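Here is a brief structural report.

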Amino acid sequence: MATKLRVGYVPAFAHQHFGLDSIAELIAEPLGTGALTSRLKAKDQESLDVAIGLTEGLVSDLGKTKAAGNEAGYGLVGTYVQSPLCWAIVTGAQRAGIDSVDDLKGRRVGVSRIGSGSYVMSSVLADQRGWLDTGSGLAALEPVVAGNFAALRESVQDSGKNPSDFFMWEHFTTRKYWENGELKRIGEIYTPWPSWVVAARDSAQPQMKEVMGRINEGVRMFKERPEEAVKHITSTMHYSELDAREWLEGVKFPDDVRGVEHGMVDSTVGILRKAGLFSGEPGGAEHMVTYQRQ
């Protein structure tokens, strides 16, 4: 019997209804895309074979690895969510002097880890706000590595350890914390690219046709059974029913998750380069995409 692939962030419907669990072990990674990229490149028992992660985090890691003259050992093989991701920009509810995005220039931004989506989006924010005087996005915002979502929420409190002034996290996951008075929402920012892609180690390529086929079946069922999808989202992601329905109205899955458009990757590289994420030559889609979308 073949060894199961270790897969991070796979749609549950493919696991429940289409036998994905027979060929893959599902792995949770609470620290986000930065941790996923590390585990895709690892060679120990914590490694991953496949990951569904944020586009910006995976493209950034592949670009930095190439710029450093190294081989990542993995590539982009699929597009999981075509719609952009909305990041809420938040601070502690009682923080004085931070009431709008205009108050954030030069501030300390909490990130889950260097290379994560929250890290990358801080550079994108600086770029969009015209704060890149030095050509380095993070020169305008000082990154503070906090860790997981709970640690980030603590970091923006007046008495928090490892203090930061604000952080960014997915809108719906964060929403209940400004509604319950723990956080203060001061803005939002959308990714200028499709939000989620699939990456796989080079060694996993022979099995990816079957894996992607089962993910396609899971996505198809997810779209065809909205009420079951709402129940899944509320039970596993802890969204309210209202948030789950709002999220479903805005999210767009491709009809076929297989493949990644070269133009999208090259555009993302250009934005990340402008924001100062690469110190060398990151290359483009030809170095990052294993399976091109036609």
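Val109 stands opposite Phe166 in S8. This is a predicted model: local features need pLDDT of at least 70, side-chain atom pairs count only at pLDDT 80 or more, and totals for chains, interfaces and linings use all residues. Residues are numbered from 1 along each chain as its sequence is written, and side-chain values use heavy atoms, with hydrogens and water left out.

**The sheet.** Strand S6 (residues 108-111) and strand S8 (residues 166-170) run parallel, joined by two bridges. Two strands pair if DSSP finds at least two bridges between them. Helices (H or I, at least four residues) and strands (E, at least two) are DSSP runs, numbered from the N terminus. Five strands make up an open sheet, ordered S7-S6-S8-S5-S9, with mixed pairing. Strand S7 (142-145) and strand S9 (183-190) are at the edges with a single partner strand each, so one side of each has no neighbour in the sheet. From one strand to the next, the twist averages 35 degrees.

**The helix pair.** Two packed helices are described by the angle between their axes and the distance between the axes. Helix H3 (residues 55-67) packs against helix H10 (residues 262-274) at about 80 degrees, and their axes are 10 Å apart. H3 is therefore roughly perpendicular to H10 (65 to 115 degrees counts as roughly perpendicular). Axes are lines fitted to C-alpha atoms, for helices over the stretch in contact; angles run from 0 to 180 degrees between N-to-C directions. On the H3 side, Thr55, Glu56, Val59 and Ser60 meet Met264, Thr268, Val269 and Leu272 of H10. Contact means heavy atoms within 4.5 Å. The residues of this contact divide into four nonpolar, three polar and one charged.

**Two residues.** Glu228 sits in helix H8 (residues 226-236). Ser22 lies in the loop between helix H1 (12-17) and strand S2 (24-27). Glu228 counts as partly exposed because its relative accessibility is 26%. Ser22, at 38%, also counts as partly exposed. Buried means under 20% relative accessible area, exposed over 50%, partly exposed in between (1.4 Å probe, protein chains only).

| Pair | Apart in sequence | C-alpha to C-alpha |
|---|---|---|
| Glu228 and Trp169 | 59 residues | 26 Å |
| Ser22 and Glu210 | 188 residues | 11 Å |

The Ser22 side chain also makes a polar contact with the side chain of Arg214, at 2.9 Å. A polar contact is a pair of N or O atoms within 3.5 Å; within protein, one must be able to donate a hydrogen and the other to accept it, and residues adjacent in sequence count only if both atoms are side-chain atoms.

Conventions: Angles under 35 degrees count as roughly parallel, over 145 as roughly antiparallel, 65 to 115 as roughly perpendicular and the rest as oblique. Ala, Val, Leu, Ile, Met, Phe, Trp, Tyr, Cys and Pro count as nonpolar, Asp, Glu, Lys and Arg as charged, and the others, Gly among them, as polar.
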